[in-house]
Amino acid sequence: AYAAQFKPRAGYRFACEDSIYVRPHALGKGIGTRLLGRLIAASESAGFRQMIAGIAGPEPASVALHARAGFVEVARLRSVGRKHGRWLDVVYMQR
């Protein structure tokens, strides 16, 4: 799990984007919830006031994880990513 400034320009210095990866054998054990909670707290301590999640493809567990942490969907970019021979939407959620 990590967070980085959303965009490099100074005007975005208070917004970060999170990334969380949980190994398949560890899914459903609350690890993502704990990681995201700690990441939110650390990001707030670092001075970020907004966190953005970009979720590619059909990842309902990632959407649900972020929704439980107070994120709301703010955008959906259709067919902008490509993985394993198929086009993927990217959902942006913001907290």
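Asp89 comes out as partly exposed, at 22% relative accessibility. Its side chain meets that of Arg78 in a salt bridge, with N and O 3.2 Å apart. Asp89 belongs to strand β5 and Arg78 to strand β4 (residues 72-83), so this pair ties together parts that are 11 residues apart in sequence. Keep in mind that this is a predicted model.

**Salt bridges**

- How many salt bridges turn up in the whole structure? The search finds 3.
- In the bridge between Asp89 and Arg78, the arginine counts as exposed, with a relative accessible area of 58%. Asp89, at 22%, is partly exposed; the cut-off for buried is under 20%.
- Another bridge joins Glu44 to Arg95, and here the closest N and O atoms are 3.3 Å apart. Glu44 sits in helix α1 (residues 31-45) while Arg95 sits in the segment after β5 (86-94), so the pair ties together parts that are 51 residues apart in sequence.
- Arg76 has a relative accessible area of 37%, which makes it partly exposed. Glu73 is partly exposed too, at 44% relative accessibility.

**The aromatic corner**

- Across the whole structure, the search finds 1 aromatic pair. It is made by Phe6 and Tyr12: their ring centres are 6.1 Å apart and their planes stand at 65°, so the pair counts as edge-to-face.
- The cut-off for edge-to-face is planes over 60 degrees apart, and the 65° between Phe6 and Tyr12 is what puts them in that class.
- Phe6 is partly exposed, at 24% relative accessibility. Tyr12 is partly exposed as well, with a relative accessible area of 36%.

**The largest pocket**

- How much space lies in the largest pocket? It holds about 890 Å³.
- A total of 30 residues line this pocket, and those nearest its centre are Ile20, Tyr21, Val22, Glu59 and Ser62.
- Several elements give two or more residues to the lining, namely β2 (15-19), α1, β3 (50-56), α2 (60-68) and β5.
- Which element gives the most to the lining? That is α2, with 5 residues.
- By type, the lining residues of the largest pocket split into 14 nonpolar, 9 polar and 7 charged.
- Two of the elements in the lining, α1 and β5, have come up already: α1 carries Glu44 of the bridge to Arg95, and β5 carries Asp89 of the bridge to Arg78.

**A loop glycine**

- Where does Gly57 lie? You'll find it in the loop between β3 and α2.
- Gly57 counts as buried, at 16% relative accessibility.
- In sequence, Gly57 and Arg86 are 29 residues apart, and in space they are 9.5 Å apart from C-alpha to C-alpha.
- The elements on either side of this loop, β3 and α2, each give two or more residues to the lining of the largest pocket.

Conventions
Residues are numbered from 1 along each chain as its sequence is written. This is a predicted model: local features need pLDDT of at least 70, side-chain atom pairs count only at pLDDT 80 or more; totals for chains, interfaces and linings use all residues. Side-chain values use heavy atoms; hydrogens and water are left out. A salt bridge is a side-chain nitrogen of Lys or Arg within 4 Å of a carboxyl oxygen of Asp or Glu. Helices (H or I, at least four residues) and strands (E, at least two) are DSSP runs, numbered from the N terminus. Buried means under 20% relative accessible area, exposed over 50%, partly exposed in between (1.4 Å probe, protein chains only). On a 1 Å grid over the protein atoms alone, a cavity is a set of points where a 1.4 Å probe fits but cannot get out, and a pocket is an open set with protein on both sides within 12 Å along at least five of seven lines; lining residues have an atom within 4 Å of a point. Grid points are joined across faces, edges and corners, and a volume is the space filled by probe spheres set on the points. Ala, Val, Leu, Ile, Met, Phe, Trp, Tyr, Cys and Pro count as nonpolar, Asp, Glu, Lys and Arg as charged, and the others, Gly among them, as polar. Rings of Phe, Tyr and Trp (its six-membered ring) pair if their centres lie within 6.5 Å; planes under 30 degrees apart count as stacked, over 60 as edge-to-face and the rest as tilted.
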